[in-house]
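Q: I want to learn how to read cavities and strand pairing in a model. Where do we start?

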Amino acid sequence: MEINFDNPNLYLNRELSWLRFNSRVLDQVNFPELMPLDKLKFIAIYGTNLDEFYMIRVAGLKSLYKAGVNETSYDKLTPATQLKEIREYLQNELQILENKYTQIIEELKENDVYIKDYDELDDSQKKYIKEFFYNRIYPIIIPIAVDATHPFPHLNNLSFGIALELKNKSGEIKHGLIRIPRVLPRFIKLNNIFIPIESIVQYFTQELFPGFEVVVSAPFRVTRNADLAIEEEEADDFLEILEEGLKSRNKGAIVRLELYGSADETIVNFLSKHLELKDNDIYYYKEAPLNLGSLWQIVNDPELSHLKTPNFKPKILPPLDREDIYDIMEREDIMLYHPYESFEPVIKFIQEAANDKDTLAIRIVLYRVGPNSPIVKALIDAVESGKQVTVMVELKARFDEENNLKWARKLENAGAHVVYGIPGLKVHAKIAHVIKHKNGKLKGYLHLATGNYNPITAKIYTDLSLFTTNEDFSNDATKFFHLLTAFATNKKLDYMYMSPTQIKPKLLTLIENESSYGKDGHMILKANSLVDQDIIKALYKASMRGCKIDLIIRGICCLRCDIKGVSDNIKVHSIVGKYLEHPRIYWFKHNKIKSFIASADLMPRNLDRRIELMVPIISNKLSSRIEQILKLQLADNTHRYVLTKGYEYKRVIPRDEEDIINSQVLLEKYVTQALKSNSTKKAKHIKKLAKKILKSEEKK
């Protein structure tokens with residue numbers, strides 16, 4: 001059958017697919033076994049995700065629309081159509097969001113925790129808040145008059161404040177604003193009550209504009225275009241140009257205004273006029289607070305820890321719990337699955353290298369490292385003890401630019417050789433290379449991963465770490481870092497695969513080879529997103545040859561799985577749970593090396609415009625473990641969703657008398673049991689279940 005693989009009907013829109021992912025995040029609050037603050041956490045994540053979506057994706061679509069661009073992707077939807085569908089979808093979902101939020105607030109009330117406005121407090125509580133206002137809020141908030149002599153002020157990205165219509169004694173109408181700086185808490189806590197700060201400030205507005213009567217007022221929040229456009233080739237000093245770019249993030253075009261539904265029309269018109277916004281840029285909330293991400297303040301309140309599930313403590317399994325990591329690496333490759341297995345060995349890998357007199361050099365790529373990074377501190381210690389330290393700090397890591405800039409300067413001041421990126425390409429690879437002097441010669445020790453060198457996210461993101469002394473990989477690592485630090489012309493590795501030149505061609509070859517086995521073929525691709533058209537075309541062709549394809553795609557998926565004769569043999573799964581599924585794993589049943597781990601998602605930006613790494617897992621033992629992880633996730637019947645028709649995902653529910661399989665909880669139990677029994681071989685129940693799942697998959 002002849003298929004035109006450029007037909008837009010073969011592809012789902014990227015932005016609309018992302019919206020469905022965020023809906024799956026919101027859907028997590030429907031799990032009845034979750035504690036109230038666990039549910040509130042997912043509301044906060046949903047809101048934070050949506051903020052970034054508007055700052056980057058919607059802002060980009062608006063820019064394209066203004067530039068007169070009509071086609072933006074394989075599905076051929078125009079920017080105007082996408083913006084319209086995004087708004088319609090979010091407007092429909094707003095009622096679901098508010099209903100869920102209200103239900104959670106009721107659950108909190110049942111546990112004697114309240115979110116109340118100022119006017120809902122009793123007299124003694126109001127007295128306390130009044131004192132708090134004058135002592136802690138009044139000196140910091142900023143009242144601003146807006147008239148012919150006082151221009152409307154610049155509002156930074158994600159600014160929060162109150163707009164007012166005022167009347168003086170002669171009846172003249174004026175307008176004003178009250179800016180509520182981010183240094184103030186979003187909620188003022190009084191015992192077990194959380195009071196939104198805007199309800200307090202609104203009550204005392206009269207004190208801020210003496211001689212004026214407040215006619216109407218309304219809290220508001222603005223979102224700006226926060227995507228940085230940096231012309232690296234024209235920058236004599238990239239650090240300087242980046243700092244200017246970070247400042248400009250607060251000056252981008254406003255793309256969204258958020259208000260409460262009770263906002264008076266005169267206030268809406270006042271803000272719309274000065275912010276130059278249209279009605280379809282305005283979103284109204286009735287129950288949920290402006291800035292859903294601020295709910296983290298309540299979720300993380302230490303006095304309310306009894307209202308959320310205790311955090312799982314990652315485990316260090318044998319033999320890492322009693323042997324030095326470098327000694328184990330001399331014998332065999334090591335693979336860790338975070339956060340079930342602790343990130344601590346990764347930190348120790350760098351710390352021990354920094355302190356070992358035999359260490360000559362440490363090379364590492366840092367993309368997102370977080371605040372107070374123990375890895376950066378260890379690298380500084382290594383420099384100070386005379387080691388050669390080379391650090392590639394990716395300053396273009398979105399929303400981590402400022403943090404990375406700080407660490408880059410500290411490392412450079414300490415004496416490390418710091419590389420600030422490659423012009424035109426983000427460096428997204430996850431690699432650390434330690435070179436030691438051993439037995440009269442140089443020996444390389446490698447850490448390769450799917451996730452960042454960030455101990456904080458390593459507790460909430462699932463990721464794979466590989467430690468190896470494989471000489472071929474070590475030689476490739478040397479080539480890789482030479483590419484980053486010099487003008488290397490050879491942009492290919494011999495045993496690992498690097499984008500933008502090698503990963504996509506290798507994946508396309510692997511897909512083609514597996515498809516040649518027809519109905520006996522099987523591949524499992526796990527990634528955060530599937531967008532790349534060449535990969536999607538290859539998967540369609542493999543499906544048409546009868547090859548079984550399972551895609552575990554957490555977020556965006558532009559492949560359609562409901563096209564008769566084209567995608568009949570493709571299933572798209574998505575797992576959303578307590579941990580963010582982050583590994584990129586590519587498994588092929590008939591390939592000599594079955595498993596590959598990567599830093600790269602299946603997106604054009606990762607495959608064509610970034611420096612990424614994909615690593616073959618040559619150990620059969622570790623490859624079998626990866627296969628078990630993937631097939632356990634495919635058997636998940638609690639937190640797994642399956643893409644059905646169009647953009648719609650259906651949550652899998654266990655059938656009668658079927659074992660309940662929550663892959664994330666089972667893996668927690670597995671490592672806990674393995675640690676108790678002092679051997680991964682003795683975690684019998686989980687091991688038995690994994691084997692049962694594997695047998696079931698083979699029969700299918």
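Predicted model: local features only at pLDDT ≥ 70, side-chain atom pairs only at ≥ 80, totals over all residues.

Q: How much space lies in the largest cavity?
A: About 110 Å³. Elements giving two or more residues to its lining are α2 (36-66), α3 (79-110) and β9 (282-285).

Q: What lines the second largest cavity?
A: That cavity holds about 80 Å³ of space. Its lining has 13 residues, and His-338, Phe-343, Gly-451, Asn-452 and Asp-463 lie nearest its centre. The classes are 6 nonpolar, 6 polar and 1 charged.

Q: Which strand gives the most to the lining of the second largest cavity?
A: β17, with 4 residues. Both β16 (441-449) and β17 (461-468) supply at least two.

Q: Now strands. In which sense do β2 and β4 pair, and over how many bridges?
A: Two strands pair if DSSP finds at least two bridges between them. Strand β2 (residues 142-146) pairs with β4 (residues 173-179) in the antiparallel sense, over 5 bridges. Strand β3 (residues 160-168) also runs antiparallel to β4, joined by 7 bridges.

Q: Which residues stand opposite Gly-176 in β4?
A: Ala-145 is one. Leu-164 is another.

Q: What lies between β3 and β4?
A: The two strands form a hairpin with 4 residues between them. In the turn, Gly-171 has a positive phi of about 90°.

How values were computed: Residues numbered from 1 in each chain as written. Heavy atoms only, no water. 1 Å grid on protein atoms, 1.4 Å probe; cavity = no way out; pocket = protein on both sides within 12 Å on 5 of 7 lines; lining within 4 Å. Points joined across faces, edges and corners; volume = space filled by probe spheres on them. Nonpolar A, V, L, I, M, F, W, Y, C, P; charged D, E, K, R; others polar.
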